[in-house]
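Dear colleague,

Please find the structure below, together with its sequence. My notes on the ligand site follow.

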Amino acid sequence: MLKAKQAKLILENGTVFTGKSFGSEKSTAGEVVFYTAMTGYPESLTDPSYTGQILVSTYPMIGNYGVPHGHKENGIHKYYESNKLHISGLVISDYSFEFSHWNAEKSLSDWLKEYNVPGIFDIDTRALTKILRDKGSMLGKIEFEGEETDFYDPNKENLVARASCTEREVYGDGEKRVVLIDCGVKNNIIRCLLKRGTTVIRVPWNYDFSNEDYDGVFISNGPGDPAMCEETVQNVKKAIGGEKPVMGICLGNQLLARAAGADTYKLKFGHRSHNQPVILQGTDRCFITSQNHGFAVATETLPNDWEPLFTNANDNTNEGIKHKTKPFFSTQFHPEASSGPTDTEFLFDDFIDSIKKD
Ligand SMILES: NC(=O)CC[C@H](N)C(=O)O
């Protein structure tokens, strides 16, 4: 095994964990959150919704299947969820220096180095997760000796402006045209829309799309506090003043709710996993879903013409909303998966069917 430099994970409550470094040897700060998925680190690390966060993996062994190649298909990465790594740091128990997989191109450590992201291993991630569950997500930093850094709260910034594209871009040439508001979109949302024969018009988070020629609007996932994204809310308000179908995912759920007039709030430690159970409103049907969020819609603040669509079976938090009469709906979970279960991908069919009805 290579000789690894010592590094420390320091939480804002003063707790210190000492571990060993892999990836970049650079101190970093952010919000420390845990995720319980057992696979999918290439997808999670490239998910723009993790911007500003130091990720703790509760699954102990990470790195053993390396990192897939960065080839593109239809203008987007085939195996990554965006063009780069978005996390600020990675905290794990056991780093696997050896890796093996049919499409692995490099090690996780080399990939982190490429993007200047530090990793720390040999951490008791069970003890750490217990602290985060008990006290809630906290600010924290990974520090190297002689390189001190301040705590930093990413939720005070408009992270969406950092994660979104800056130019309008068009993918596919299908008959139905979907405006995709990119708040930090995961590639699999684009893949899921293209697979259903649409043209996807990807626009920046604050782009006024009223003059676009389109059949439906899609509001993407994205990082940070939805309250920081008021410009998008104003554009979505205009869209729901009309009749064209609207679908949203995760941050998209929160922004659609805010455009409808509802509130959002911060959860204690959020949901980040592949096995979150959600119940479809008015049924006993439970779906197992992939999730990554720290904020939620306050269901009781939904105006009268809106209703919950899904509810989390573990903690009863909101997992989706829908308009009572118009074709507008969104989910807090990720029906596009990647990584995670694909059980709810049918929701993309529902969205496309509602567009085709016109
Ligand atoms: N994946 C997402 O879109 C996350 C939404 C939002 N940033 C949250 O943490 O709740």
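Where is the place of Gly224? Gly224 sits in the loop that runs between β17 (216-219) and α6 (230-240). Please bear in mind that this is a predicted model.

Gly224 has a relative accessible area of 17%, and it therefore counts as buried, the limit being under 20%. Leaving aside residues up to four places away in sequence, Gly224 touches Asn155, Leu159, Leu251 and Phe295.

According to UniProt (unreviewed entry), the feature "binding site" is placed at Ser49, Gly222, Gly224, Leu251, Gln254, Asn292, Gly294 and Phe295. These positions are spread over 247 residues of sequence, yet they cluster in space, with a largest C-alpha distance of 13.1 Å.

Gln254 belongs to helix α7 (residues 251-260). Its relative accessibility is 3%, so Gln254 is buried as well. Among the residues that Gln254 touches are Pro226, His293 and Phe295.

I turn now to the ligand. There are 13 residues around the ligand, and Gly224, Cys250, Asn292, Gly294 and Phe295 come nearest. The shell consists of four nonpolar, nine polar and no charged residues. Its largest share, four residues, is supplied by β20.

- A backbone N or O atom of Leu251 is 3.0 Å from an oxygen atom of the ligand.
- A polar backbone atom of Asn292 lies 2.8 Å from a nitrogen atom of the ligand.
- A polar side-chain atom of His334 is 3.4 Å from a nitrogen atom of the ligand.

On its own the ligand has 300 Å² of accessible area, of which the protein covers 98%.

Yours sincerely

Note on methods. Residues are numbered from 1 along each chain as its sequence is written. This is a predicted model: local features need pLDDT of at least 70, side-chain atom pairs count only at pLDDT 80 or more; totals for chains, interfaces and linings use all residues. Side-chain values use heavy atoms; hydrogens and water are left out. UniProt positions are given in the numbering used here, feature names are shortened, and annotations may be inferred rather than shown by experiment. Helices (H or I, at least four residues) and strands (E, at least two) are DSSP runs, numbered from the N terminus. Buried means under 20% relative accessible area, exposed over 50%, partly exposed in between (1.4 Å probe, protein chains only). Contact means heavy atoms within 4.5 Å. A residue is near a molecule or strand if one of its heavy atoms lies within 4 Å of it. A polar contact is a pair of N or O atoms within 3.5 Å; within protein, one must be able to donate a hydrogen and the other to accept it, and residues adjacent in sequence count only if both atoms are side-chain atoms. Accessible areas come from the Shrake-Rupley method with a 1.4 Å probe; for residues, only the protein chains shown count as cover. Ala, Val, Leu, Ile, Met, Phe, Trp, Tyr, Cys and Pro count as nonpolar, Asp, Glu, Lys and Arg as charged, and the others, Gly among them, as polar.
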